[in-house]
Amino acid sequence: MNITRRDFLRASAAIVAARGLKESGVFALQQALAGQTAVPVIWLQGLGCNGDSVSLLNTIYYASADELLLNTIDLEYHPTVMAAAGDLAVSAAEDTEVAGGYVLVIEGAIPTGADGAYCTIWEGMTMQNALTTFAPNASFILAVGTCAAYGGMSAGAPNPTMCKGVTGVLGNLAKIINIPGCPAHPDWIVGTISYLLENGQAPPLDANRRPLMYFGNRIHDWCYDRRRFCGTNYKATQLSQPGCLQNLGCKGPQTYADCYMRKFNSGEKGRFGGNWCIGARSPCQGCVQPNYPDGMSPFFAG
Amino acid sequence: MATTIKVDPLTRIEGHLAVEVNIESVGGTQQVVDAKCSGTAFRGFEPILANRDPRDAVYYTQRICGVCPTSHAQASALCLEQAFGVTPPTNGRVIRNLILGADHIQSHVLHFYHLAALDYINTTGILNKGPWVPRYVTSDMISGPTASMLVEHYVQALAIRRKAHEMGAIFGAKLPCNSTIVCGGTTEVVSAEKINDFRALLTEIRAFVDDVYIPDVQALGSLFPQYFSLGAGCGNLLAFGVFDLDNAGNTKLLARGRYTEGAYGSVDPAQIVEYVKYSWYTDASGNKNPAVGITEPYVGKPGAYSWDKAPRYASKVHEAGPLARMWVNGDYRNGVSAMDRLVARALESKKVADAMDGWLNELVVSSPVYNQKSVPVSATGVGLTEAPRGALAHWIQISGSKIARYQVVTPTSWNASPKDDLEQKGPIEQALIGAPVADTAQPIEVLRIVHSFDPCLACTVH
């Protein structure tokens with residue numbers, strides 16, 4: 001039995017009244033039901049850990065996960081959250097590809113060894129083939145997470161599956177935007193998508209194709225802990241001590257991202273998060289850099 | 001007439017899983033008579049870890065899984081601590097439990113509402129766009145006002161799982177992939193403000209678990225009673241235990257133990273062997289305890305059908321997961337089935353969340369969180385713990401102060417395993433056999449049974 005939109009709204013209102021729920025979720029559903037147009041998104045996963053998808057679900061600064069999924073994007077294919085399975089799921093991706101004009105999100109690296117046999121995303125489709133199949137009709141390609149952007153952990157020496165990032169497979173196409181991080185901060189993902197929707201073009205990028213608005217500053221130059229102890233030469237000599245972590249392996253001096261300000265796991269819309277690696281006295285791992293992890297490890301020193 | 005269905009990709013799980021089932025009519029009912037689980041991706045974390053600084057393993061191994069990275073950090077820290085000869089101080093142990101608990105709850109809430117529930121609710125007319133369309137629609141699904149209410153809870157659960165991560169990040173720096181769990185304890189310290197902030201979020205999350213999550217799972221059980229007798233599987237249950245209650249890890253909130261062929265037993269990691277007859281690895285990678293394990297891929301190996309090895313305990317197939325934990329601890333022994341797995345997961349969320357409130361009282365402001373110990377030249381270690389979806393273990397061998405060997409066996413390595421050298425099928429494969437499939441174009445019964453295990457394939461193969 002299908003219920004009409006009116007039935008649903010009436011039922012929702014009754015649920016809210018009966019259970020004392022906050023109205024935000026219902027409001028978002030009503031907006032979705034009003035038939036707003038949303039940008040289609042195809043989200044493919046190669047060799048990764050799903051951490052960027054989980055990180056995305058933590059979004060709140062620009063939009064909460066329900067606002068994003070219900071109102072902002074039309075997530076036509078995402079293997080972790082989509083209702084459909086098997087051939088029905090594949091048809092959703094293929095139909096969107098034919099229609100064109102979608103944002104293609106790649107999470108995880110692309111293994112190129114053994115003709116791509118180290119990752120098949122559905123029967124007969126390697127991740128390597130999927131990238132070259134779905135790239136041409138995409139308006140933009142977001143390589144989300146360091147694996148998708150540069151190979152990341154999946155390409156760590158000896159790179160057993162010959163993993164590459166998106167540009168490593170497709171070349172430096174103008175429509176590719178890298179949003180690295182292990183995992184990527186949800187604000188970096190959602191903020192970039194909302195920039196694309198508002199402006200119809202990529203935001204200004206650095207030489208590693210990262211949006212300058214998030215990856216423009218060197219962490220060490222803005223690090224709260226270094227500044228606090230600046231001039232006192234106060235450096236921590238053991239983990240869990242206060243002070244600059246430079247002697248313990250911190251990669252803040254080689255790393256460009258706004259973690260020092262944005263922090264992670266924001267609790268409220270429009271507010272920055274409460275904690276970050278260096279703030280919790282653990283050395284920056286340099287996880288947004290193209291040479292992560294091999295060029296950034298050992299992670300600990302001393 | 002026999003039919004073969006391949007569900008590839010099997011969605012609403014973590015990672016790349018394909019499930020093939022053969023269906024025949026048995027006694028007038030169309031049902032699964034054979035099943036194959038294939039992990040379709042291989043990353044090679046074990047070779048990647050070789051020759052690195054052992055301390056780095058806590059950060060590397062978290063990247064095996066973005067859903068349960070904290071559990072890998074804990075397994076890795078325990079394994080390193082045994083090799084280094086160090087234990088964390090009380091604050092460090094408790095902080096780790098709190099971050100782990102936060103990640104457990106977010107994973108359980110995510111699993112029920114966002115991964116499993118869509119198998120039971122017809123959201124047509126409520127959620128009319130991707131990722132909820134297209135979808136299977138079967139006549140037994142919940143519709144009408146109850147479906148609307150569950151969709152409302154689906155939305156509410158998005159916020160609750162986010163808040164569980166915000167709670168964990170208070171001590172973990174960030175989630176997923178915390179940066180504070182290290183060999184010897186934690187880097188983050190205790191403050192009164194952090195305790196208060198943590199408790200405020202925990203109180204809200206506990207209310208959701210008590211008032212929404214558990215009642216919803218119980219309601220689902222009453223609407224689909226047949227799933228208490230479907231998806232049983234091998235019936236053997238294995239738990240490594242988690243949430244250490246003393247600094248040496250001798251007592252745990254959820255104890256170590258197993259239930260094999262109807263009898264309770266202790267767990268000895270030396271009894272674990274990984275087989276590869278049906279896995280895409282060389283023969284040298286098979287028939288070994290992980291302490292001496294080898295991982296050499298063999299693309300195109302004849303007869304093989306998965307990147308997952310087949311771990312067995314004392315040569316026997318075992319299921320891992322919240323049901324195994326709750327069963328061996330005597331907290332839940334209603335039965336072993338698809339629905340029992342969902343119920344045990346919900347009840348465990350409450351047990352963990354309630355305990356976390358007490359752990360906050362054990363924290364002492366300005367007491368140490370970390371015990372320093374330098375890297376040994378040569379040592380071995382094993383770390384046993386539990387990820388949200390089941391028993392997790394890491395093994396390390398250190399030589400020349402570098403990692404000489406690192407092996408990981410995850411919960412879904414057990415659950416989604418292919419056949420072993422003794423021709424025994426894995427737990428999910430066994431659970432599928434005998435399941436009725438009413439409509440081969442929409443094998444919803446297959447999805448419900450597979451999802452009850454909460455598979456994580458990035459973990460499985462790593």
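This is a predicted model: local features need pLDDT of at least 70, side-chain atom pairs count only at pLDDT 80 or more; totals for chains, interfaces and linings use all residues.
Angles between elements here run from 0 to 180 degrees between N-to-C directions, with axes fitted to C-alpha atoms.

One place to look is B:Ala387, whose bridge partner in E14(B) is B:Gly390.

Now let us turn to chain A and a sheet with parallel pairing. This open sheet has five strands, in the order E2-E1-E3-E7-E9. Strand E2 (73-77) and strand E9 (176-179) of chain A each have a single partner strand, so one side of each is left without a neighbour in the sheet. The twist in this sheet averages 25° from one strand to the next. At the E9 end, strand E7 (residues 138-144) of chain A runs parallel to E9(A), and four bridges join the two. A:Ile141 is a handy landmark here, as its bridge partner in E9(A) is A:Ile176.

Two helices of chain A also pack on this sheet. Helix H4 (residues 65-72) touches strand E1 (39-45) and E2 of chain A, and its direction makes about 80° with that of E2(A). Helix H5 (residues 86-99) touches E1, E2 and strand E3 (102-107) of chain A, and its direction makes about 125° with that of E2(A).

The size of an interface is often given as the accessible area lost when the parts come together. For chain B and chain A, the buried area is about 7,400 Å², and carbon and sulfur atoms give 59% of that. The contact involves 88 residues from chain B and 90 residues from chain A.

What kinds of polar pairing cross this interface? The rule finds 38 residue pairs in polar contact between chain B and chain A, counting pairs with both residues at pLDDT 80 or more. Across the interface there are also two salt bridges by the rule. B:Arg52 makes a salt bridge with A:Asp294, and their closest N and O atoms are 2.8 Å apart.

Which parts of chain B give two or more residues to the side that touches chain A? They are strand E1 (3-7), helix H1 (45-49), helix H2 (57-62), helix H4 (90-116), helix H5 (144-172) and helix H6 (192-223) of chain B. The largest share, 17 residues, comes from H5(B). By residue class, this side of chain B divides into 45 nonpolar, 22 polar and 21 charged.

Finally, some details of the backbone are worth a visit. Most residues other than glycine have a negative phi, and most peptide bonds are trans. With that background, look at the bond joining B:Asp8 and B:Pro9, which is cis with an omega of about 10°. B:Pro9 is in the loop between E1 and strand E2 (17-26) of chain B. A cis peptide bond also runs from B:Gly130 to B:Pro131, where omega is near 10°. B:Pro131 is located in the loop between H4 and H5 of chain B, and both of these helices give residues to the side that touches chain A.

As for phi, A:Met162 is not a glycine, yet its phi is positive at about 55°. You will find A:Met162 in the loop between helix H7 (146-150) and strand E8 (163-164) of chain A. B:Asn287, which is not a glycine either, has a positive phi of about 60°. The loop holding B:Asn287 is between strand E11 (272-275) and strand E12 (310-313) of chain B.

Definitions and conventions:
Residues are numbered from 1 along each chain as its sequence is written. Chains are lettered from A and ligands numbered from 1 in the order in which they are written. Side-chain values use heavy atoms; hydrogens and water are left out. Contact means heavy atoms within 4.5 Å. Buried area is the accessible area (1.4 Å probe) that two parts lose on being put together, summed over both. A salt bridge is a side-chain nitrogen of Lys or Arg within 4 Å of a carboxyl oxygen of Asp or Glu. A polar contact is a pair of N or O atoms within 3.5 Å; within protein, one must be able to donate a hydrogen and the other to accept it, and residues adjacent in sequence count only if both atoms are side-chain atoms. Ala, Val, Leu, Ile, Met, Phe, Trp, Tyr, Cys and Pro count as nonpolar, Asp, Glu, Lys and Arg as charged, and the others, Gly among them, as polar. Two strands pair if DSSP finds at least two bridges between them.
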